[in-house]
Amino acid sequence: MANSLFEEKLSSNEFLVTTEIGPPKGADVSEMIHHIDLLKDKVDAINVTDHQSSVMRFPSLGGCLLVKECGGEPILQVTCRDRNRLAIQADLLLAYSRGIRNVLCLTGDSIDVGDHKEAKPVFDLDSVQLLKMVRQMESGKDMGGNELKGAPHFCLGSSVHPEADFIEPQLIKFEKKVAAGAQFFQTQGIFDLASLRRFMQYASQFPVKILAGIIVLASARMARYMNDSVPGIIVTQAIIDELANVEKGKGLQKGIEIAARLIKTIREENLCHGVHIMAVGNEKIVPDILEAAQLVSVHQ
Amino acid sequence: MDNYQVNRIKEASYGHSIIPPCQAACPLHMEIGEYVDLVAQGKVMEALQVIRDGNPFPSICAYVCTHPCEDACRRSQVDEPIAIRALKRFAVEFGGDRMIELEAVTTQSEKVAVVGSGPAGLACAYYLRKLGYPVTIFEAYSEPGGMLRVGIPQYRLPREVVDTEVQRLTHMGVEIKTNTRVVSLDLLFDMAYKAVFITVGAHQGLRMGIEGEDSPGVIDGATFLREVNLGLKPSLGDRVGVVGGGNVAIDAARAAVRLGAHKVSIIYRRSREEMPASPSEIEQALEEGIETMFLVTPIRVKRENGHLNVTCVKMELGEPDADGRRRPIPIKGSEFNTEFDTLITAIGQAPQLSEDFRLRIGRGSTIQVDPVTLTTNRAGVFAGGDAVTGPATVTQALASGRQAAFRIDDYLQHRYPLADTGEKKSSLGELSPKTIEMIKKIERLEPPFLPPEARVNEFTTVELIYDWQSAVNEARRCLRCGMGAEILFQDKCATCLTCLRVCPYHVPYIDDAGSIQIPAEQCQACGICVAECPAKAIVLRKPYDRRHIDEELEHALKSAAESKSKPLIIGFCCQYGLFGTGALASLWREGKAGIWIVPILCVAKLEEVHILRAFEMGAEGVFIAGCGEQCSRENTAFWVLQRVEKVRKVLAQIGLEPQRLQTFNLRIAEADAAEALDNFTEQIGGLYLNSIIKQEVRT
Amino acid sequence: MIVAEQKPVEEIRQVIAPYERVLLLGCGTCVTVCGAGGEHEVSFLHSALQVAQARSGDGIHSFLEYTVKRQCDFEFLDLLTDKVKEVDAILSLGCGIGVQVVAERFSDIPVLPGVNTSFMGMAKEWGVWDERCAACGDCRLADTAGICPITRCTKGILNGPCAGTKNGKCEANKDMDCAWILIYKRLERLQQLEKMRRYYPPRNFRVIPRPRRIVKKADVKVGKDNG
C-alpha cells in the first residue's frame, strides 16, 4: 500500500509535476499560504525547502504542515547540514505523526554559501546515510538500534545532478542512493536536454522515477550569477544568450517561455517521468509555466 | 711594530668562509673575494686596505699581475671571470694608494742583506722591515726594481709606480745601494749581515745556437728591453723580427713599434694557441700592427749590406712533448729567406750568478733551494725569485720574497721553520648546471684602453682605469664563492625546508640522513634563506655580512637622533643601486635633512625586524630602494615585497598608515627617482603633521 | 605537523596589557616549521610590540625572548625555570598544546596564547599550508585512496561528492579541490573504484570523546613476573 498520494502517482506512469516553495525569513507565513493555495491543485506535490542555500528561514517541517493544512501534498526536505541524527529522527517522527509522508533526503549546501557563515556545519550524516536511517526507522528501530514505539513510513526521494561537469562520481552516488532506498529523484536544474537524455539512458535501468529540475530564470544576469555562485548549476550559453536578447523587463516572460519549452519537450519526448519546477522566489508564476507547457488541465 | 700584517697572512680571518678558488690560485693568497666585494660596495679605501694586507706592492700587481685568480674564477662557468686585476687597479688608484705612507721601527739587531732589487727582493725587504730588521738591498744596475724596471716596458708599468714603492721602502728605513754588484757573499757576512737573500733574477738571454747569432743587428730580448727601459733608444731600422712566443717577445715587439720600427714580425715556431704570452698582450700587439710568422724558426743569420738576411724553416706540430705542448718539427726543404734590419731573440732567460757565491746550481742555471725554507747550501743564505724558479711572474716573485722574509725571521730567531700555514687550496668544486642556469648572465666589463693609434708612438700606459660605476658593476658580478650561507645552529634547525624552498639557485638539499645541507660550493650568498629561516639557524659565513645591516642601521639611528631633524625617514638602499652608483648617489653622500640611508648589500637581506626597528626608533617613514633592472638576482623584489607586506600588516594593526613603508626601484628603475623620493618625503611629512595634530587634540 | 597562525598584534597587546615583564616563548618544532612561533617569529613579534609600545606611548612592558625545542614536553621547559622568575606572564607562541603544557609546568604565572592553532597539515609550497588530518580517530584513508574526505571535503561526507562540485572544485571555496573528485580520480587510477561504490555508514563519533588519551605502555605490575 502506498504511503501517500504522491507515492501512488509515482507508480502510475503519469507525467509528474512537482514544485517547491521557499519559506519566508520570518514568522509571517501569509504569502507562503497564498502560494500553497495557488499551487496545491496544479501540481502533484509541493516541496518546502530546508534553509535553501544555507540561508536561515522558516523551517521545511513547518511549511509542510501548512501545505498539509491547506490540503496539498507536501514533500519534506531534510538536509544533514543543521541537525545531527538525533534531531533528524525526532523531526521525522513529528512529520510522520502529522501526516507528512514524502521526504526528500539531501546532504545540504555548504554553510559557506549561506548567511550564517560562522555556524557549525553538522553533517553528522550524508544523504545516503540519511536514506538508510529512514529505512531503518521504518523497520521499527532507531539508529542506535533501539525499539521505536510506532515506526514511521515514508516515500523517499533524493537529488541527482545529470549536468555535473564530472559525472562518474555523481552516478556512483546515485546508485548508492537507489540502493539506500530512494524512490524518486529531483534533478538539479536542467538546461541542456542532451545531458538529461544521456542520463536517462543510464538511469532507466533503476526502478526509480526521475523528475527533471526546471529552474525559471528571470534574466541573463541571474543566469550568470547562478553559474558563478549557486552550487552545481550550469546554465548553457545558448540560454543565457536567449535571455540577453530580450527587451528590458521582458526577461521573466522569456524565462517562463524557456521553462515551458523544456517541460514540453521533456514530456513530448517522454525523456523522464516528470518535472520539478523551481521558481526561486517567483512561486506565483508556476501556473503560467504549466499553462505555457500545456500541463494545466492534466490533473484537473 | 705590530704583528698584524704577519698574523693576517699566517692566519686567515674568514670566519667560516671557505677559501675561494681565486684566493687559492693567487701566489700571494690575497683575500680577493673580500676586496672585490668592498669595491662592489663602493668602499675603495677599505678595499685598498685589504689589498695592502695581502700584497706589499699592490700598485705594481695592479698593472702587471698575470692574474691566475681570473683563470680560476668560477664565474667563467657562467659567463666570463671577474676582471680582478683591473678592479685591484681601480682600488689602488681610487683608494689613494699613492698617499699611503708606511713606517717601520727597528726592533731587531740582526742585519739582513738582500741581493737584487727585483720584486722578490723588494718584498723580502718590506716584510723583514715590518718585522723590525735592518735591511740593505744591493742592486747592480743604476736603478732599483730589477725586472720591474729593466724588463717590463713602461707602457705596461709606469716608472713612477716603481719609484713610489721604492721610496716607500726607503721611508720605512730600507737601505738601497744601487750600482753595487755583490761579488762575494763572504764579504757580506764580514760586513756583519747575519742573513742574505739572493734574488738576482734571470736576466741572461738564452742563445738560439744558430749560425750568425753574434752578427751585429742581432740582440737578445732581455738586453734589448733593458736598454730601452734604462732610457737608451737603440736604433732598430725599419724591419724588426722578434723570435719567441713568450711575454718578453711580445714586450720586445711592442717596444720596437714604439721606437719607430715600421714592420715588426714575431717569429714563433709553434702556432698562436701554443704561445705562452698572455692572450690579452698578444691581442694588443696585433692591434698595434705587429705581424706574426707562426710555425717558422730561423736557422741562419747573415749580415749583408747593413741588413740581416735570415734563413728560416717552416715547422709542423708533432706529438705533445713533456710539458704537453706539441713539439714543432722542421719541414724538410721548406727553407726560405727573409730580410730584417734587427733580429731580437727572446726564447728564454736564465740567472747569471757569480761563481764566488759558491751556491749549488741546478737545472737552467737556477739556484737550488729547499722549497719550504728557501735555504741554499750555505748557512744563512736564502734564495728566491726568478733566480730560483727561472723566469716567472711578478706576483710569484713577491710571494717568494714574502716567504723568504718569514723564513729568514725563523732562522734568525732560531725557530723551527714551518711551511706557510696551509697549502691554500679551495675545496670548492664546480658549480652545478642547475645553479648556473639560475645565475643571471652579466657581461664582463673591461677597463678602457688607449686606442692603438694613440699608443704606438709612445710609452704611455695602455690600459686606463674603470670609472666608478663600471668598477662597482664589474665587482658585483662576483659570485662570492665560499662566503655563502651555512646552517650554523644545527640544533635549532627544524628541517622545515624553508631554505630549500626559497633558494633561487636550488642549492639546499636533503641528505641521506634526512638533514638539510647547504653546500658552500653552490651557494650564491644572496641571504634570502638567512632572512627567511624561521628558526634563525642560518647565517652567512662572513661575519661582516652577518652584522652589516644591524650596524649600519644603528649607526644611522644614532646619527639621526643627534641631528634631531624631523620627520625622520630611514631608507634601506641597495648599495649597488640608486644610492650607490645611480642617480641618487650624490644625495646619499650629501645627506638630505631628515633622510638617513642604511646601505645594504642587496635588499633581499633586509629582514622585517630591521624595518620595525626603524619605526620603533621614531622613523615616520621607511623606504626600501633596490637597484632596478641591474639587480643581479631574479627574485629580490618578490622577497622584499613579501616582507614589506608583513610589516605593513603589523603597522596597520598598530595604527600606523601602511603607506609609511614604501619601496622604490625594485624591479624596474624609477623614471625619476629623485621625484619619487620627494613625493614620498612630502607624504610622510603630511602624515607626521597629522599625527602631531591628532596628538594635540587628544591632549 | 600542527599549523598555527600568529594572532594580530592588537589582540596580543590586549592580553598582555596587565603584565609588565613578559616572556615571549617560541617553540622550535611545528610552529617553527609553519612560521608562526619559531625564533624568527618571536623576534618579529618582539619588534612589533616594541614599535606598538614606542608609537602609542602607553607601553610599560619589557620583553624577554626565548625559544625552546618543544613546548609540549615538561623536560624542555625546565630550562625556563630561572627566566620565569623574572617575568610576570608568559606569552607562548607554541600551539594550544604548548600553551597548556607551559601552564601546567609553571602553575604560578599566567600563560597566554600568542597564536591561533589551526590544523594539522602540510606545506603545499613556501608560505602555503593545507589541512590534511582532522584527528578523527577512525582513519578511513585505506578506502579513500589516501585522500581524507573528512578533512578535505567541506561537509566531511563519506559516500561520494555532493552536487555542489563544479570544475572539480568545492562549492564552499572555488580555489579548493573537491575531495571526492580527487578520490574518484585516484581510485580510478588504482583500479579500486569498487571502494567508492561501497556504502559507508555514519561516522562513529564515539571514538573521540574528549579529552582523548592514548596509553601505549602496558599495565605491568612490578614483582609479578609473567603474570
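The paragraphs below begin with the conventions and then turn to the structure.

This is a predicted model, in which local features need pLDDT of at least 70 and side-chain atom pairs count only at pLDDT 80 or more, while totals for chains, interfaces and linings use all residues. Residues are numbered from 1 along each chain as its sequence is written, and chains are lettered from A and ligands numbered from 1 in the order in which they are written.

Start where chain A meets chain C: 28 residues from chain A and 26 residues from chain C take part, two residues being in contact if their C-beta atoms, placed from the backbone, lie within 7 Å. On the chain A side, helix 5 (127–138) and helix 6 (167–180) each supply at least two residues. Helix 6 of chain A gives the most, with seven residues; helices here (H or I, at least four residues) are DSSP runs, numbered from the N terminus.

Now look at chain B, where the assignment gives domain 1 (4–100 + 430–475), domain 2 (111–203 + 351–412), domain 3 (204–350), domain 4 (485–540) and domain 5 (545–698). These bounds come from an automatic or database domain assignment. Taken over C-alpha atoms, the centres of domain 3 of chain B and domain 5 of chain B are separated by 63 Å.

Finally, find helix 3 (residues 32–40) of chain B and helix 7 (residues 84–94) of chain B. Their contact is made by Ile32(B), Tyr35(B), Val36(B) and Val39(B) of helix 3 of chain B, together with Ile84(B), Leu87(B), Phe90(B) and Ala91(B) of helix 7 of chain B.
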